[in-house]
Amino acid sequence: MTSYPIYLDYNSTTPCDPAVLEEMLPFFTQQFGNAASRSHAYGWIAEEAVDIARERVASLIGAGPSEVIFTSGATESVNLALQGVAEAYVRKGDHLITWATEHRAVLDGCDRLEQKGCRITRLSVDSQGLPNLQALEDAIDAQTVLISMMYANNETGVIMPVREVSAIAHRHAVLFFCDATQAVGKRPVDVVADGIDLMAFTAHKMYGPKGVGALYLRRKAPRATVTPMLYGGGHERGLRSGTLNVPGIAGFGKAADICREQMEEEGSRLLRLRDRLVEPLLCIPGVHFNGRRESLLPHVANLSFSIPGGDMLLRRLTSKLAISSGSACSSASLSPSHVLKAMGLKDADALASVRFSLGRFTTGEEVDMAAQTLLEMITPLAKG
Ligand SMILES: *Cc1c(COP(=O)(O)O)cnc(C)c1O
């Protein structure tokens, strides 16, 4: 039985998988120890749970366990990477490069660094959402310390050319940081093969709990270090002090394991469902894809409804469909998406765009109901 509103906003957040919740529960009550307590079994049990989770999370991304720092989420990981590198490499230089379509965590983090005296280059993208590699080469100078590019865009699902960009970074002896929040657990991400030096991701976008994330920090050359933001007990190799969120971390580990096992099959299932959702809509004149369709995450579709009343769709659908205009933070405001604007969309088309993101608990029935609901609403509008 399908119940309304149908959730098609998995890029904003995902429910915990029941197996993840199961994994977490004991650590709230019986096994409540502090993972840093070395003098008794409560602490050892908690520490062991963290060790297991660290192995699981590391294995999902092809890293070693000692390269994973647990944080409170991707926002914290992004801030630690940007501020931490800017501070740790201040002798080398003061210049960072990123793109206009990054998540607000990166863009606002860069604004802050700029206020503190760093130079920031914000590169543009083409109409498909993809970067110009020559423009990147041209932007690098002797003081460049970091190139920051996301793995896949949260609003459009466009997968970025990570390997090409990391190769350019390394050719110029610049570190490469990747906000891989939307890609990890959804498609193969391998920090070694992809040439990533620092990487942020979060549990709640991959069927784990909210409030726990990770920063991958490469230990082999080129070794990446950061200056910490939080000082205290010296947890996480001194890079992120604070008592570890043991239940959250245990859940993150379980979530990583499930994603690793199911990713491939789940990706093809969601691709079929996504196409089943969008094909009937694309038959309507004025409806089109945003972003290069051949390089999208399989579960994401960002569509423009350039028809009369297209900008009212979201509000008119709220009782039936849980969808959004893109980022959770900007959807409350009426300003057009910075991502779609950077891709060259006019304000009116950006405001008439909707992101559909499917996930593990999306069914074929839900997709058909959603398509039907949308068609019923837009067919009369499109006829004017
Ligand atoms: C969700 C998201 C974040 C923020 O993650 P939190 O864990 O909610 O802080 C950062 N970057 C991208 C690309 C995201 O999609």
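Which residues is glutamate 23 in contact with, leaving aside its neighbours within four places in sequence? I found Arg56, Ala250 and Lys254, where contact means heavy atoms within 4.5 Å.

Before going further I noted the conventions: this is a predicted model, in which local features need pLDDT of at least 70 and side-chain atom pairs count only at pLDDT 80 or more, while totals for chains, interfaces and linings use all residues. Residues are numbered from 1 along each chain as its sequence is written, and side-chain values use heavy atoms, with hydrogens and water left out.

**Entry 1, glutamate 23.** I placed glutamate 23 in helix H1, residues 18-24; helices (H or I, at least four residues) and strands (E, at least two) are DSSP runs, numbered from the N terminus.

The bond from alanine 221 to proline 222 is cis, with omega near -5°, and proline 222 sits in the loop between strand E8 (213-217) and helix H7 (246-282). A cis bond also joins tyrosine 4 and proline 5, with omega about -10°, and I found proline 5 in the segment before strand E1 (6-7).

Most residues other than glycine have a negative phi. I therefore wrote down tyrosine 207, a residue other than glycine whose phi is positive, near 75°, and which has 6% relative accessible area and is buried. Tyrosine 207 belongs to the loop between E7 and E8. The loop between E8 and H7 holds glutamate 236, whose phi is also positive, near 50°; at 8% relative accessibility, glutamate 236 counts as buried.

Which residues surround the ligand? I listed Gly73, Ala74, Thr75, His103, Met150, Asn154, Asp179, Thr181, Gln182, Thr202, His204 and Lys205, a residue being near a molecule or strand if one of its heavy atoms lies within 4 Å of it. By class, this shell has 2 nonpolar, 8 polar and 2 charged residues, where Ala, Val, Leu, Ile, Met, Phe, Trp, Tyr, Cys and Pro count as nonpolar, Asp, Glu, Lys and Arg as charged, and the others, Gly among them, as polar. I checked the ligand's oxygen atoms next: one is 2.6 Å from a side-chain N or O atom of threonine 75, and a distance of 2.8 Å separates a ligand oxygen from such an atom in histidine 204. For lysine 205 I likewise read 2.8 Å between a side-chain N or O atom and an oxygen of the ligand. On its own the ligand has 390 Å² of accessible area, of which the protein covers 87%; these areas come from the Shrake-Rupley method with a 1.4 Å probe, and for residues only the protein chains shown count as cover.

At 8% relative accessibility, threonine 181 counts as buried. Its side chain makes a polar contact of 2.5 Å with the side chain of aspartate 179, the term standing for a pair of N or O atoms within 3.5 Å; within protein, one must be able to donate a hydrogen and the other to accept it, and residues adjacent in sequence count only if both atoms are side-chain atoms. Not counting residues up to four places away in sequence, threonine 181 touches Ala74, Ala200, Phe201, Thr202 and Lys205.

**Entry 6, strand E10.** I found 6 of the 6 residues of strand E10 (300-305) buried, with Val300, Asn302 and Ser304 pointing one way and Ala301, Leu303 and Phe305 the other. E10 runs antiparallel to strand E9 (residues 287-289), joined by 3 bridges, and to strand E12 (residues 353-357) over 5 bridges; two strands pair if DSSP finds at least two bridges between them. Leucine 303 stands opposite phenylalanine 289, and its bridge partner in E12 is valine 354. Valine 354 is buried at 2% relative accessibility.

Conventions. Buried < 20%, exposed > 50% of the residue type's maximum accessible area, 1.4 Å probe, protein only.
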